[in-house]
Amino acid sequence: MAIQTNGTFTYNSGVYTTPYFRIVLHLPKSGDETPVDCFMYTSKDAYINEHGHIGCIPVYVSNTDASETNDGSNVVNKYLQYVTEKVVTRLREISSDSTFTIVGIPTL
């Protein structure tokens with residue numbers, strides 16, 4: 001799962017142009033929240049070419065509003081879509097002027 005920034009992203013007093021984010025979910029300890037590591041790369045090519053990430057933003061996604069089924073109308077796994085949307089919400093809180101596109105989620 002990935003997120004592409006459509007412009008600039010401000011983080012820790014730095015301004016990054018169109019960074020690319022890869023998210024890694026971890027098993028929740030209690031089931032209430034899913035811990036997610038959101039790795040920031042300078043670009044998708046930097047990720048593909050295995051260049052190091054330039055930041056890692058931890059996100060804890062509440063499972064309270066998650067669907068009880070993984071059946072999605074346009075994605076393979078509705079829960080992965082839900083988590084990715086929550087990560088985008090967190091990224092918007094960090095850099096309110098940024099816009100994002102969810103990419104890399106398998107679709108039907």
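In the predicted model, I3 is in contact with P19, Y20, F21, I23, T84, V87, V88, L91, F100, T101 and V103, when residues up to four places away in sequence are left out of the count. I3 also belongs to the largest nonpolar core, which comprises 20 residues and in which I3, F9, F21, I57, V87 and L91 touch the most other members. At least two residues of this core are supplied by each of strand 2 (8-11), strand 4 (20-25), strand 5, strand 6 and helix 2 (78-94), and helix 2 makes the greatest contribution, with five residues.

Strand 6, which spans residues 55-62, presents a covered face made up of G55, I57, V59 and V61, whereas C56, P58, Y60 and S62 form its uncovered face. This strand runs antiparallel to strand 5 (residues 33-41), to which it is joined by eight bridges; within this pairing, D37 stands opposite P58 of strand 6.

Seven aromatic pairs are found in the structure. One of them, between Y20 and Y47, is tilted, with a centre-to-centre distance of 5.9 Å and an angle of 45 degrees between the planes. Because Y20 is located in strand 4 and Y47 in helix 1 (residues 44-48), the pair ties together parts that lie 27 residues apart in sequence. The relative accessibility of Y20 is 3%, so this residue counts as buried, while Y47, at 30% relative accessibility, counts as partly exposed.

Technical notes:
Residues numbered from 1 in each chain as written. Predicted model: local features only at pLDDT ≥ 70, side-chain atom pairs only at ≥ 80, totals over all residues. Heavy atoms only, no water. Buried < 20%, exposed > 50% of the residue type's maximum accessible area, 1.4 Å probe, protein only. Helix = DSSP H or I, 4+ residues; strand = E, 2+ residues; numbered from the N terminus. Pairing = 2+ DSSP bridges. Core = buried A, V, L, I, M, F, W, Y, C linked by side-chain atoms within 4.5 Å. Contact = heavy atoms within 4.5 Å. Phe/Tyr/Trp six-rings, centres within 6.5 Å; stacked < 30°, edge-to-face > 60°.
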